[in-house]
Amino acid sequence: MYTGQFIYCGKKATLTVGNVMPLSCVPEGTIVCNVEAKVGDRGAFARGSGAFAVVVIHDEEKGTTRLRLPSGGKKTVPSNVRAQIGVVAGGGRTDKPLLKAGRAYHKYAVKRNCWPKIRGVAKNPVEHPHGGGNHQHIGMPSTVGRERPAGRKVGLIGARRTGRLRGVKKTAQDKD
């Protein structure tokens, strides 16, 4: 896309980068972005920088389309949902390191209060259940029940298993 480009929307739009059209009018294998989950919700999938989804197959009887999302998973959506042709700009944004704390500060200042992340073991016992002690250690199991009260619910909440994942992991592509 470029400044001054005309964007056309609807069934009669041509298959050009930037145009918005229903997935039923898009051929299989086309790269799309900003795909709706439900008709008229103005876009839900493949919206982040450099993201895109691929139209895998159309099911004419059910009126659905199967997409391959940026996560690698597959999603079935109605064929009359709209999508924009092409890839979202800004790909590779996360490849460049932040390098200094000031850049991380400004990055998260505009988002939400989640930086810096201070470890629980580095705190005092009045501030965190893992705090205190003569060495920085948790001193108790890191797993905690799902029904514990709010102040105690830190660590691995309601963990089914802990430890290193061993063996071959099944991906979404292997299952389909």
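P116 sits in the loop between α1 (101-109) and β7 (143-144), where helices (H or I, at least four residues) and strands (E, at least two) are DSSP runs numbered from the N terminus. This is a predicted model, so local features need pLDDT of at least 70 and side-chain atom pairs count only at pLDDT 80 or more, while totals for chains, interfaces and linings use all residues. Residues are numbered from 1 along each chain as its sequence is written, and side-chain values use heavy atoms, with hydrogens and water left out.

Q: What is the peptide bond from W115 to P116, cis or trans?
A: Cis, with omega near -5°.

Q: Why is N19 called buried?
A: Buried means under 20% relative accessible area, exposed over 50%, and partly exposed in between (1.4 Å probe, protein chains only). N19 has a relative accessible area of 2%, so it counts as buried. N19 is found in the segment before β1.

Q: What is N19 in contact with, leaving aside its neighbours within four places in sequence?
A: F6, I7, Y8, A13, T14, A83, Q84 and I85; contact here means heavy atoms within 4.5 Å.

Q: What makes the pair of T14 and N19 a polar contact?
A: The cut-off is a pair of N or O atoms within 3.5 Å; within protein, one must be able to donate a hydrogen and the other to accept it, and residues adjacent in sequence count only if both atoms are side-chain atoms. The backbone oxygen of T14 lies 2.9 Å from a polar atom of the N19 side chain, so the distance falls within that limit.

Q: And why is M1 called exposed?
A: Its relative accessible area is 62%, so M1 passes the mark for exposed. M1 lies in the segment before β1 (20-22).

Q: How do you know that β4 and β5 pair?
A: Strands pair if DSSP finds at least two bridges between them. Strand β4 (residues 64-68) and strand β5 (residues 74-78) have 5 bridges, in the antiparallel sense, so they qualify. In their hairpin, with 5 residues between the strands, G72 takes a positive phi near 100°.

Q: Which labels do N34 and A46 get, buried or partly exposed?
A: N34 is partly exposed, because its relative accessible area is 27%. A46 counts as buried, because its relative accessibility is 8%. N34 has a positive phi of about 50° although it is not a glycine, and A46 has one of about 55°, again without being a glycine.
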